Amino acid sequence: MTDFAASADSSGAASPASPPAPADPGARRRAPSGRPKRAEVTRGALLTAAGGVFAASGYADASVDEIVEKAGTSVGTLYHHFGSKADLYVRLYLDYQSRQHHRSARAFRAAVTAGESDPMTLFLTGTRAYLEGAWNDRHIGKIFVSGGGPPGFDGLVRRRFRDWLDINAAGFDQDARPFSPTKLLVLTAIVTEAGREVTGLSSRRDAHAFIDEVLGLMRQLNPPQDPPPASE
């Protein structure tokens with residue numbers, strides 16, 4: 001069986017506070033007329049159907065027949081576009097992480113453009129976008145919280161976490177080093193676990209209260225520095 005930790009591309013990496021993001025690998029290509037190509041419509045229908053089946057049944061018990069029935073297509077078409085149920089699962093994960101990456105990166109860049117320079121404020125701005133995105137996409141994100149997945153998937157998730165660390169570190173002035181490697185590890189781990197937890201909350205109000213509390217606790221790990229006293 002395929003070891004996705006070794007074979008999947010890294011374009012799906014997400015980061016709470018990241019530099020400009022690459023093109024979304026899950027973005028829909030469009031025909032010259034502006035309409036989606038038929039193949040992309042079919043792929044989208046299969047991904048949507050797979051998301052619903054994985055959410056309801058888990059990876060191991062998800063049925064390919066049920067996926068293609070919900071997508072209105074055939075098993076042969078699924079294998080033509082994705083190769084296997086495992087490929088569908090991993091593509092859902094990478095597309096989800098890519099959307100999360102873009103959300104946090106846009107928020108980070110917008111804050112920089114607005115004149116924000118405090119590293120922790122920038123990190124928390126990206127984090128808020130990441131966690132709000134996890135809530136908005138909870139129907140997909142919760143698929144990956146319960147465990148399971150194809151062989152090698154846990155390794156892929158661990159690799160993505162290391163990617164997030166590298167991207168987060170690259171988002172700041174390396175000479176200034178606003179966060180030590182240990183602090184960056186702790187902050188990124190908090191965001192990762194909070195992103196998992198928020199998918200299971202029952203209401204938007206609860207989600208926002210949870211996000212606010214997480215950001216408040218993270219801020220305590222790197223409180224604002226008092227400006228140096230003015231020289232006489």
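Phenylalanine 153 is buried in this predicted model, with a relative accessible area of 3%. Tyrosine 93 also counts as buried, because its relative accessibility of 3% falls under the 20% cut-off. The rings of tyrosine 93 and phenylalanine 153 form an edge-to-face aromatic pair, with 5.0 Å between the centres and 80° between the planes. Tyrosine 93 belongs to helix H5 and phenylalanine 153 to helix H8, so this pair ties together parts of the chain that lie 60 residues apart in sequence.

The count of aromatic pairs comes to 12. Another of edge-to-face geometry joins phenylalanine 54 and tyrosine 89, at 5.2 Å centre to centre and 85° between the planes. Here the link runs from helix H2, which holds phenylalanine 54, to helix H5, which holds tyrosine 89, and so it ties together parts 35 residues apart in sequence. Phenylalanine 54 counts as buried at 2% relative accessibility, and tyrosine 89 is buried with a relative accessible area of 1%. Phe54, Tyr59, Tyr89, Tyr93, Tyr96, Phe144 and Phe153 form one aromatic cluster.

The largest nonpolar core has 53 residues, of which Phe54, Ile67, Leu88, Phe144 and Met218 touch the most other members. Two or more core residues come from each of H2 (38-61), H3 (64-71), H5 (85-113), H6 (119-136), H8 (153-170), H9 (181-198) and H10 (204-220). Helix H5 gives the largest share, 10 residues. Leaving aside residues up to four places away in sequence, phenylalanine 54 touches Tyr59, Ala62, Ile67, Lys85, Leu88, Tyr89, Leu92 and Ile143.

Helix H2 is not straight. A kink of about 85° is centred on alanine 55. The end C-alpha atoms of H2 are only 29 Å apart, whereas a straight helix of 24 residues would span 34 Å. The buried residues of H2 include Glu40, Thr42, Gly44, Val53, Phe54 and Tyr59. Among the elements that cover the buried residues of H2 are H3, helix H4 (75-81), H5 and helix H7 (138-141).

The average pLDDT is 82, and 79% of the residues score at least 70. Where pLDDT is low, predicted coordinates should not be read in detail.

Conventions: Residues numbered from 1 in each chain as written. Predicted model: local features only at pLDDT ≥ 70, side-chain atom pairs only at ≥ 80, totals over all residues. Heavy atoms only, no water. Core = buried A, V, L, I, M, F, W, Y, C linked by side-chain atoms within 4.5 Å. Buried < 20%, exposed > 50% of the residue type's maximum accessible area, 1.4 Å probe, protein only. Helix = DSSP H or I, 4+ residues; strand = E, 2+ residues; numbered from the N terminus. Contact = heavy atoms within 4.5 Å. pLDDT = per-residue confidence, 0-100. Expected span 1.5 Å × (residues − 1). Bend = angle between axes of the 7 residues up to and from the residue. Phe/Tyr/Trp six-rings, centres within 6.5 Å; stacked < 30°, edge-to-face > 60°.
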